[in-house]
Amino acid sequence: MELNKKTKIKYLNVPNDKRLIFVSDIHGDIKAFKEGLERINFSSEDYLFLIGDIYEKGNEGENLETIKFVMELMEKYPNIYPMAGNCDEVLRFVLPEDQDDRFLLYANVKKHSVINDIAIKEGYPISMDMDVRQFVNMMVDKYSNLYEFMNSLDDVIFINERIVLVHGGIDDIDNIPPYSLPLLKYDRFYELSAPQKKLMIVGHYPTRNYRSDIACVNPIFDMRKKIISIDGGNHVVKGGQINFVILKSLSSMSFSFSYADHYPKYIMHTNVDYEKNLNDVNIIFGDNEVEILETDLDFLYVKHLSSDTCMWVHSSYVYKDENSEKFYCYDGSNQFISVKENDEISIIKKGMPYSIIKKNGYIGLIETKYLEDEI
């Protein structure tokens, strides 16, 4: 099996009156994936496109379960199109003998992997001194259907020559790279790319990391650049979700979306109204150095150094770099979320005196006293 997989491109002609559904970055969250399909009333009449990162990062056993579920969907429904993402290439890189060191590092560090799922299922302990070849041979022998599935995944799909699907991104659709990895792992594509010739739908990079002003994990619809970025950051960012982008039909080109996540749900019993900040700040990946100013129970009051903005963040989200002695924050936002009675929210992190919640894809704080029966 070659390491540098040649780019696989599919050209589809879809009836103009059919509903198309686009999902990316499920990351082994089979429960949220099933919930989302039910929420949008997915049926055999729909076309479902899974734009990469189907597994990896899921809870124990769920990466393997998710792959099997997608394979079952393909047997049951006629129009399911799973695609490759960078995480879906994990199995490919454990096969060659010259990758043993890489396998050991990955398997021992990345605990939420299909490799670990298989090891647990087979009663095979993962360790730095394990027999890699014996384990890989067992995987190839018992799970050959997974490899066949992985090798079948397309990297790029053109739909009616109007829409392009790819996990990471393509700079120039007239010059698609011959090998797939640059297409699958293209960080900050929406931010860095030029406007596209055709509408391109991508995943891979959480939409929250494109928004320095507001903590939101909903899809980004930019019809000026002809890019729709749909990675909700499930199992990657705090408050992440699986986004289900829905195209009513190719004749209408009318988009909407729904989402599902794995967080506990709560129905509000009262109205809570917070004054909107003039300077909303969302701490994003790569711009997260903070200074700790004070402590209040489970929360720290920090200054985000690049924006000079202060905010409350949960203490578990702040870590110290032992080499530089500097402090960094995984996720943070200075927004307090206003809610109304009977609103459904996701509770991301309960604490005192605040809790981190999500409403309609927007993430922020609420005083925990308003969630009294959840304390």
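Let's start with Asp 46, which sits in the loop between helix 1 (30-39) and strand 3 (47-50); helices (H or I, at least four residues) and strands (E, at least two) are DSSP runs, numbered from the N terminus. Please keep in mind that this is a predicted model, where local features need pLDDT of at least 70, side-chain atom pairs count only at pLDDT 80 or more, and totals for chains, interfaces and linings use all residues. Residues are numbered from 1 along each chain as its sequence is written, and side-chain values use heavy atoms, with hydrogens and water left out.

So, is Asp 46 buried or exposed? Asp 46 counts as buried, because its relative accessibility is 5%. Buried means under 20% relative accessible area, exposed over 50%, and partly exposed in between (1.4 Å probe, protein chains only). The side chain of Asp 46 makes a polar contact of 2.9 Å with the side chain of Arg 19. A polar contact, by the way, is a pair of N or O atoms within 3.5 Å; within protein, one must be able to donate a hydrogen and the other to accept it, and residues adjacent in sequence count only if both atoms are side-chain atoms. A polar atom of the Asp 46 side chain also lies 2.9 Å from the backbone nitrogen of Ser 43. Setting aside neighbours within four places in sequence, Asp 46 is in contact (heavy atoms within 4.5 Å) with Arg 19, Ile 21, Asn 41 and Asn 79.

Gln 335 is another polar residue to look at. You will find Gln 335 in the loop between strand 19 (332-333) and strand 20 (344-349), and with 6% relative accessibility Gln 335 counts as buried. Its side chain has a polar contact of 2.8 Å with that of Ser 333. Not counting residues up to four places away in sequence, Gln 335 touches several others, including Asp 213, Asn 277, Asp 280 and Gly 364.

Now for the nonpolar side of things. In soluble globular proteins, nonpolar side chains tend to be buried together. A nonpolar core here is a set of buried Ala, Val, Leu, Ile, Met, Phe, Trp, Tyr and Cys residues joined through side-chain atoms within 4.5 Å. The largest one has 50 residues, and Phe 33, Leu 48, Ile 115, Ile 118, Phe 135 and Phe 244 touch the most other members. Which helix gives the most to this core? That is helix 2 (residues 62-76), with six residues. As for Phe 135, its contacts beyond four places in sequence include Phe 103, Ile 115, Ile 118 and Tyr 124.

In the loop between helix 5 and helix 6 you have Tyr 143, which counts as buried at 6% relative accessibility. Tyr 143 and Ile 118 are 25 residues apart in sequence and 8.9 Å apart in space, C-alpha to C-alpha. Among the residues that Tyr 143 touches, again leaving out those up to four places away in sequence, are Leu 64, Ile 118 and Met 138.

What about cysteines? A search of the whole structure finds zero disulfides, a disulfide being a pair of cysteine sulfur atoms within 2.5 Å. Cys 329 is in no disulfide, and the nearest cysteine sulfur, that of Cys 310, is 13 Å away. Cys 329 is buried, with a relative accessible area of 0%.

Last topic: salt bridges. A salt bridge is a side-chain nitrogen of Lys or Arg within 4 Å of a carboxyl oxygen of Asp or Glu, and by this rule the count comes to 22. Glu 89 forms one with Lys 5, the closest N and O atoms being 3.6 Å apart. Glu 89 lies in the loop between strand 4 and helix 3 (100-109) and Lys 5 in the segment before strand 1 (9-12), so the pair ties together parts that are 84 residues apart in sequence.
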